[in-house]
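Biologist: I would like to learn how to read a model like this one. Please take me through it feature by feature.

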Amino acid sequence: LERFPWELEQRHRIGRRYQDLLAAIAGVTRLAVRADRDCVWAQYTIMVERRAALVDRLASQGIPTAVHYPKALHHQPAYAGYDQPDAHPISAGAAERVVSLPMSADLTDEAQRRVVDAVRAALAS
């Protein structure tokens, strides 16, 4: 718990920096944080159209990614009896586009810049 306040501040700083650095990259949709809210960025998730290509390109450069929510909620087994495949197109579309970038309170500015530069290059090709 001694590290907890530092951890929160670092995650806020790194999340804000990701928001700023990724803002100018075409093809990246950043998650919004309302002005009257706060986020500690347990993971830093973006949305892109060609997720598999981005994941492969980053992996080839040793940059890990994760897809934390590969299925929309209404496609989960608990909802199988209620599922209407086309009922929630925004949720289904988001599940196909989300990818989480490296996020840690220990992520250095240099490492974060490397991730962002790799995202930019991958989406430009």
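Biologist: What percentage of the 125 residues of the chain count as buried?

Modeller: This is a predicted model, and in it 33% of the 125 residues count as buried. The accessible surface of the chain comes to about 7900 Å², with 56% of that area belonging to carbon and sulfur atoms. Along its principal axes, the C-alpha trace spans about 45 × 40 × 25 Å.

Biologist: How many helices and strands does the chain have?

Modeller: There are 4 helices and 3 strands. Reading along the sequence gives the pattern α-β-β-α-α-β-α. As for contacts with a separation of 6 or more, 73% of them join residues 24 or more positions apart.

Biologist: In what order do the strands stand in the sheet?

Modeller: The 3 strands form an open sheet in the order 1-2-3, with antiparallel pairing. Strand 1 (29-30) and strand 3 (98-101) are at the edges with a single partner strand each, so one side of each has no neighbour in the sheet.

Biologist: Which helix packs on the sheet and touches strand 1, strand 2 and strand 3?

Modeller: That is helix 1, residues 4-22. The direction of helix 1 makes about 20° with that of strand 2. Helix 2, residues 51-60, lies across strand 2 and strand 3 and runs at about 20° to strand 3.

Biologist: Over how many bridges do strand 2 and strand 3 pair?

Modeller: Strand 2, residues 44-47, pairs with strand 3 over 4 bridges in the antiparallel sense. To follow the pairing, look at individual partners. Ile 46 has Val 99 as its bridge partner in strand 3, and Met 47 has Val 98. Strand 1 and strand 2 are also antiparallel, pairing over 2 bridges. Here Thr 29 is opposite Met 47 of strand 2.

Biologist: How should I read the two faces of a strand? Which residues of strand 2 lie on one side and which on the other?

Modeller: In a regular strand, side chains alternate between the two faces of the sheet. In strand 2, Tyr 44 and Ile 46 are on one side, while Thr 45 and Met 47 are on the other. All four of these residues are buried, and both faces of strand 2 are covered.

Biologist: And strand 3: are its faces covered or uncovered?

Modeller: Both faces of strand 3 are covered. Val 98 and Ser 100 are buried on one side, and Val 99 and Leu 101 are buried on the other.

Biologist: Last, the charges. How many positive and negative side chains does the chain have?

Modeller: The chain has 16 positive and 15 negative side chains. The centres of the two sets lie 3 Å apart.

Key: Residues are numbered from 1 along each chain as its sequence is written. This is a predicted model: local features need pLDDT of at least 70, side-chain atom pairs count only at pLDDT 80 or more; totals for chains, interfaces and linings use all residues. Side-chain values use heavy atoms; hydrogens and water are left out. Buried means under 20% relative accessible area, exposed over 50%, partly exposed in between (1.4 Å probe, protein chains only). Contact means heavy atoms within 4.5 Å. Accessible areas come from the Shrake-Rupley method with a 1.4 Å probe; for residues, only the protein chains shown count as cover. Lys and Arg count as positive and Asp and Glu as negative; His and the chain ends are not counted. The place of a charge is taken as NZ of Lys, CZ of Arg, CG of Asp or CD of Glu. Two strands pair if DSSP finds at least two bridges between them. Axes are lines fitted to C-alpha atoms, for helices over the stretch in contact, and angles run from 0 to 180 degrees between N-to-C directions.
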